[in-house]
Amino acid sequence: MTSYTLQPYSKQPHDYQMIKETPNTKNARIGLQYGLTDSELMSLDTNIDDVDKRDWVFTEHSPENLQKLIPDTKKGNSQSWKIIVIISHEVGCIKGALRGKDGTIMLMSSLSATCQKNYESSLIRSRDKEWKICQAKMIAPLFFWREIQYRL
């Protein structure tokens, strides 16, 4: 049986990543996170004593922010998406949970052109010409994970 847990990120202990546990592994990190279900996200234990938002704030659910979070890929363009929650940081990064028309959820982080200069991992195009999607697992403060659960 597959299950999911939240684990502190070693480089930033007030940020958390979603870990997939299967019969073969207890610590399978996930890359781009498409196709998640409500029950998978609701199963995450967010009952952790950590309220540090580290300068992240909730962000407007605008069409412009939605375009920044949708990958300009076959998968990203395969259906319409609606915002569940978006947070942003003043350095030029936004993180969001989006619900697809098929009911599944994707988790994306997107970087402004300025922020991309210092990012060392892979990036892919978003539907916004200036912003790019981090091709990596979601790493976010605990309040982001909790807010997803509140809104599902």
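The following questions and answers concern a predicted model of one protein chain.

In this predicted model, local features need pLDDT of at least 70 and side-chain atom pairs count only at pLDDT 80 or more, while totals for chains, interfaces and linings use all residues. Residues are numbered from 1 along each chain as its sequence is written, and side-chain values use heavy atoms, with hydrogens and water left out.

Reader: How many helices and strands are there in the chain?

Author: Helices (H or I, at least four residues) and strands (E, at least two) are DSSP runs, numbered from the N terminus. Counted in this way, the chain has four helices and eleven strands.

Reader: Why does the radius of gyration of the chain agree with that of a compact globule?

Author: The radius of gyration is taken over C-alpha atoms, and the globule rule is 2.2 Å times the number of residues to the power 0.38. The C-alpha atoms fill a box of roughly 40 × 35 × 30 Å along the principal axes. For 152 residues the rule gives a value near 15 Å, which agrees with the radius of gyration of the chain, 15 Å.

Reader: What percentage of the residues of the chain count as buried?

Author: A residue is buried under 20% relative accessible area, exposed over 50%, and partly exposed in between (1.4 Å probe, protein chains only). Among the 152 residues of the chain, the buried part is 47%.

Reader: What percentage of the contacts with a separation of 6 or more comes from residues 24 or more positions apart?

Author: A contact means heavy atoms within 4.5 Å. Of the contacts in the chain with a separation of 6 or more, the share of residues 24 or more positions apart is 58%.

Reader: How many aromatic pairs are counted, and which kind is the pair of Phe 58 and Phe 143?

Author: A pair of aromatic rings is described by the distance of the centres and the angle of the planes. Rings of Phe, Tyr and Trp (its six-membered ring) pair if their centres lie within 6.5 Å; planes under 30 degrees apart count as stacked, over 60 as edge-to-face and the rest as tilted. By this rule the count is two aromatic pairs. The centres of Phe 58 and Phe 143 are 5.2 Å apart and their planes stand at 85°, so the pair is edge-to-face.

Reader: Which parts of the chain does the pair of Phe 58 and Phe 143 tie together?

Author: Phe 58 is partly exposed at 39% relative accessibility, whereas Phe 143 is buried at 10%. The parts tied together are 85 residues apart in sequence, because Phe 58 lies in strand β5 (residues 56-58) and Phe 143 in helix α4 (residues 142-151).

Reader: Are Phe 144 and Trp 145, which form an aromatic pair, buried or exposed?

Author: Phe 144 and Trp 145 form an edge-to-face pair, with 5.8 Å from centre to centre and 80° between the planes. The relative accessibility is 0% for Phe 144 and 1% for Trp 145. Phe 144 is therefore buried, and Trp 145 is likewise buried.

Reader: How many of the ten residues of α4 are buried?

Author: Among the buried residues of α4 are Leu 142, Arg 146, Glu 147, Ile 148 and Gln 149. The helix α4 is mostly covered, and its buried residues number eight.

Reader: How far apart in space are the C-alpha atoms of Arg 151 and Ile 84?

Author: Arg 151 is found in helix α4 and is partly exposed, with a relative accessible area of 38%. Ile 84 is found in strand β6 (residues 81-89) and is buried at 9%. Beyond four places in sequence, Arg 151 touches Phe 58, His 61, Ile 84 and Val 85. Arg 151 and Ile 84 are 67 residues apart in sequence, and the distance between their C-alpha atoms is 6.8 Å.

Reader: Which residues does Ser 122 contact, leaving aside its neighbours within four places in sequence?

Author: Ser 122 is in the loop between α3 (113-116) and β9 (123-125), and its relative accessible area of 44% makes it partly exposed. From Gly 103, 19 residues apart in sequence, Ser 122 is 27 Å apart in space, C-alpha to C-alpha. With those neighbours left aside, the contacts of Ser 122 are Ile 133, Cys 134 and Gln 135.
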